[in-house]
Amino acid sequence: TKWVYNFGAGVNDGNATLRNLLGGKGANLAEMASIDLPVPPGFTITTEVCTAYYDNNETYPADLQGQVETALARIEAAVGRKFGDKEKPLLVSVRSGARVSMPGMMDTVLNLGLNDVTVQGLAEGSGDPRFAWDSYRRFIQMYGSVVLNVDHHRFEEIIEQAKLDADVIEDTALTPEHWQQVVEGYKAMVAEEIGRPFPQDPQDQLWGAIGAVFGSWMNPRANVYRRLHDIPASWGTAVNVQAMVFGNMGEDCATGVCFTRDPSTGLNEFYGEYLVNAQGEDVVAGIRTPRPLSQAYAKPGEVSMEVALPEAYAELNKVRDVLEKHYKDMQDIEFTVQQNKLYMLQTRSGKRSAAASLRIAVEMAESGLIDKNTAIMRVNPASLDQLLHPTLDPKATPKLFARGLPASPGAACGAVVFSADEAEMRAQKGESVILVRIETSPEDIHGMHAARGILTTRGGMTSHAAVVARGMGRPCVAGAGSISVDYGAQTLSAAGVVIRAGDILTIDGATGEVFAGTVKMIEPQLSGEFGTLMGWADEVRRLKVRTNAETPLDADTARKFGAEGIGLCRTEHMFFDPARISAVRQMIMAKDEAGRRTALAKLLPFQRNDFVALFKIMEGLPVTIRLLDPPLHEFLPHGEAELAEVAQALGMDAAEIKARAEELSETNPMLGHRGCRLGVSYPEIYEMQARAIFEAAIEVAKTAKAPVPEIMIPLVGVKRELDITRAQIEKVAKEVFAETGKSVEYSIGTMIELPRAALTADAIAEAADFFSFGTNDLTQTVFGLSRDDAGKFLPHYVEQGILPKDPFVSIDVDGVGALVRIAAEKGRKTKPGIKLGICGEHGGDPASIAFCESVGLDYVSCSPYRVPVARLAAAQAAI
Ligand code: ADP
Ligand code: MG
Ligand code: MG
């Protein structure tokens, strides 16, 4: 078996496609060398050796040693130096490198091959004893800490002492003699720590380092990282052994890291940092302050590499171009300059911010480097969310007040209010407010909507506040436990600082941070590139994208983001409005149908206006309206004070209301008297809603494009339920059309959110013009778990790998997805053209959207801020 792959100096056994075998670093070193970039020669020991090592009781394959010797001899010949030679010693670096870069793995060891004898050769050969002794002490320090596990503090103590003794502040002020003393100190300390002398034989050093790389693959840190990132242990790591080049040989030497474009803005500028006369990770280690690579980024007084080392910089700039053209992506590069000569030590595709990723993809496609589809695939749809909200100015340095969970992205700033009603009242006056609650409930929705941001002190990432805020696109910090809220005193306080109602507060929903006062913000830039990429995505996607919206504001936002209609308008959200909740309650309290009809008549104009507003905004696009869904109990007052208030408003006895509330209360409301079951029991409710829809549609059609209402019946499990409710709606349609002498097109369909509905979809399709998969409830009913209670155990299920992901976030393809497939097939069998959509939270989740594409649904519907995410994800699914 070939265990060892050469690279550099004209022999390249590997290339970039062999990433799995050679690891990312090794594969790209070979690739760079093969396109004639200056890569110091070396070899890669494959990931298969790592696997074999662990399969065979931590022993190496028998022929490995021979292959390593041959490869090392090749390096020796190429650079004209010999490993362990006392005049011209070869020094190497030993570098780990898995398929994906992985923290927790062994750090790189540089200058391996130095010992008490070769250090003299290096000093004489280079004529620079300071460089030689500095390199030796670096080697002992790195090898000592990463291979021999000596605490790095022990090394630092010795250097500190040497600086004290020499009475200098900077490392660079130490003389060769000082460094020699440091080396003596190091060796003595290491010998004491490990109970034997520091290894002097370069072969021992080499195999010690190789063993440490393979050993680190199974260390606890690496194991944890692998588990968190789904990286199988069987992948193994590779080991790279490479001839050293030196950035620490003087003022014409340097080392640096850079990106071929600016990784935070995406600007096509050469971005990076370098240090003169330095080695390896000095740049990132923070010992000295690195300088900018290009003059474009230099502040006054800073000497860029462009100015300090113009030849090497020009060379590097050429390499930048070659690498981008070759890899067709932005690269993250590590390099070293030895006596004005440039050497490439690493390249990989560079990590970048969401904004940069967008800009780079679009600019590369526009310049012809990549095609549009590649550009579309380059941008992570989920990251778009970050671009649609204001963010805190990175230059601002406010003092932290408290910290909670980053529940919904974006930054917001406003006056503190403690109740939803007040939030709404003040927002209507044009004020920006932050709604601060211990926790939120469905009655707070209007206030959450009115607020710029939401802060809660209790609850997690799936708490009501978090879920609703994400859905609305409101920034939210949830579960900020260090804050205590006193509703009575109208204050919130943390760590001794008290903030009162009306004071200004700033929250950052992307980080979970909370600040007192105003923090400067940057408005989102739905820049040219954003529009361009979205346009390309729209050209290739097949799935339509609609939004879940019931307020004009949301509907408007969604249309700006490109929604092609409303896929779910939840009418009950309209009932919580303070102006009408009283009529809703009166309807619930009514003793008979006549009483209910009286109350419903009060609601009718409100509801009609709601629909008029939505139809106008949607300008002829389809609008799916779900008739009342939740159990009536949800609309009743909670707590004695509210109860008394309601009793007074309705002119009823508090006791009477209490009794009715008890009557309505259910053990399992999720499985209780809700959805079409309400429509069957109280036909007058759905009749009122249907009338409001038709009257609104006719009114809007007079002056604007005729709306296309799609009336949706929730929670159907039996075809007969749909027959009955459908007949009610059709009857109302006839009445309204007769009364007005006008008519509009409409359709009637159902949610598929119960397993029985999915399994009998062929029958249900006889009575339905469309299906909309309500995958939130479908997930609850398929798993037999309630979303509100699942927070207690679902996270553990995911941690233990019982479930791959939270099924409420990403659709469970095997179970819930199977039912969706069955229902789609059966529905189409009965009605070939039946319109199919999805309106659960999953409609905005890229993985779930890919599933919807595979089933061939017609559209997905998601919250407004997810619309761009869905457009891009739908395009990716179609490519
Ligand atoms: P990491 O994966 O942590 O980036 P690397 O193996 O890339 O570790 O090594 C870190 C740094 O060490 C490199 O960026 C480079 O500066 C330096 N280095 C590694 N190998 C060599 C070498 N052969 N010659 C000079 N410097 C090297
Ligand atoms: Mg490192
Ligand atoms: Mg590196």
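This report describes the fold of one predicted model, from the whole chain down to single strand pairings.

## The chain as a whole

The secondary structure of this predicted chain comes to 36 helices and 33 strands, and its C-alpha atoms fill a box of roughly 105 × 65 × 50 Å when the principal axes are used. Of the 879 residues in the chain, 50% are buried. Among contacts with a separation of 6 or more, 66% are accounted for by residues 24 or more positions apart.

## The annotated domain

The UniProt record, an unreviewed entry, lists residues 20-58, 63-290 and 312-364 under "domain: Pyruvate phosphate dikinase AMP/ATP-binding". In the model, the stretch 20-58 is 62% helix and 10% strand, with its end C-alpha atoms 21 Å apart, while the stretch 312-364 is 51% helix and 32% strand, with its end C-alpha atoms 26 Å apart.

## Helices α6 and α7

Two packed helices are described by the angle between their axes and the distance between the axes. For helix α6 (residues 152-166) and helix α7 (residues 176-194), the axes come within 10 Å and cross at roughly 145°, and the crossing is right-handed. On the α6 side the contact is made by Arg154, Phe155, Ile158, Ile159, Ala162 and Ala166, and on the α7 side by His178, Gln181, Val182, Gly185, Tyr186, Met189 and Glu193.

## The open sheet and its helices

An open sheet is formed by 8 strands in the order β14-β24-β23-β16-β17-β18-β19-β15, with mixed pairing. Strands β14 (400-403) and β15 (405-408) stand at the edges and have a single partner strand each, so one side of each is left without a neighbour in the sheet. On average, and with direction ignored, neighbouring strands of this sheet are turned by 30° against each other. Helix α16 (residues 420-428) packs on the sheet, where α16 touches β16 (411-417) and β17 (433-437), and the direction of α16 makes about 175° with that of β17.

Helix α18 (residues 464-472) lies across β15, β18 and β19, and runs at about 45° to β15.

Strand β20 (residues 484-486) is joined by 3 bridges to β21, and the two strands run antiparallel; the bridge partner of Asp486 in β21 is Thr491. These strands form a hairpin with 4 residues between them, and Gln490 in the turn has a positive phi of about 60°. Ala489 is also found in the loop between β20 and β21, and Ala489 counts as exposed because it has 12 C-beta neighbours inside 10 Å, where the cut-off for an exposed residue is 12 or fewer. The C-alpha atoms of Ala489 and Ala501 are separated by 9.0 Å, although the two residues are 12 residues apart along the chain.

Strand β21 (residues 491-494) has a covered face, formed by Leu492 and Ala494, and an uncovered face, formed by Thr491 and Ser493. On to strand β22 (residues 497-500), β21 pairs in the antiparallel sense over 4 bridges, with Ala494 opposite Val497 in β22. The hairpin of β21 and β22 has 2 residues between the strands, and Ala495 in its turn has a positive phi of about 45°.

A barrel is closed by 8 strands in the order β26-β27-β28-β29-β30-β31-β32-β33, and the pairing is parallel.

The buried residues in α34 are Val816, Gly817, Leu819, Val820, Ala823, Ala824, Lys826 and Gly827.

Technical notes: Residues are numbered from 1 along each chain as its sequence is written. Chains are lettered from A and ligands numbered from 1 in the order in which they are written. This is a predicted model: local features need pLDDT of at least 70, side-chain atom pairs count only at pLDDT 80 or more; totals for chains, interfaces and linings use all residues. Two strands pair if DSSP finds at least two bridges between them. Axes are lines fitted to C-alpha atoms, for helices over the stretch in contact, and angles run from 0 to 180 degrees between N-to-C directions. Two residues are in contact if their C-beta atoms, placed from the backbone, lie within 7 Å. UniProt positions are given in the numbering used here, feature names are shortened, and annotations may be inferred rather than shown by experiment. A residue is buried if 20 or more other C-beta atoms lie within 10 Å of its own, exposed if 12 or fewer, and partly exposed in between; C-beta atoms are placed from the backbone. A crossing is left-handed if the near helix is turned anticlockwise from the far one by less than a right angle, and right-handed if clockwise.
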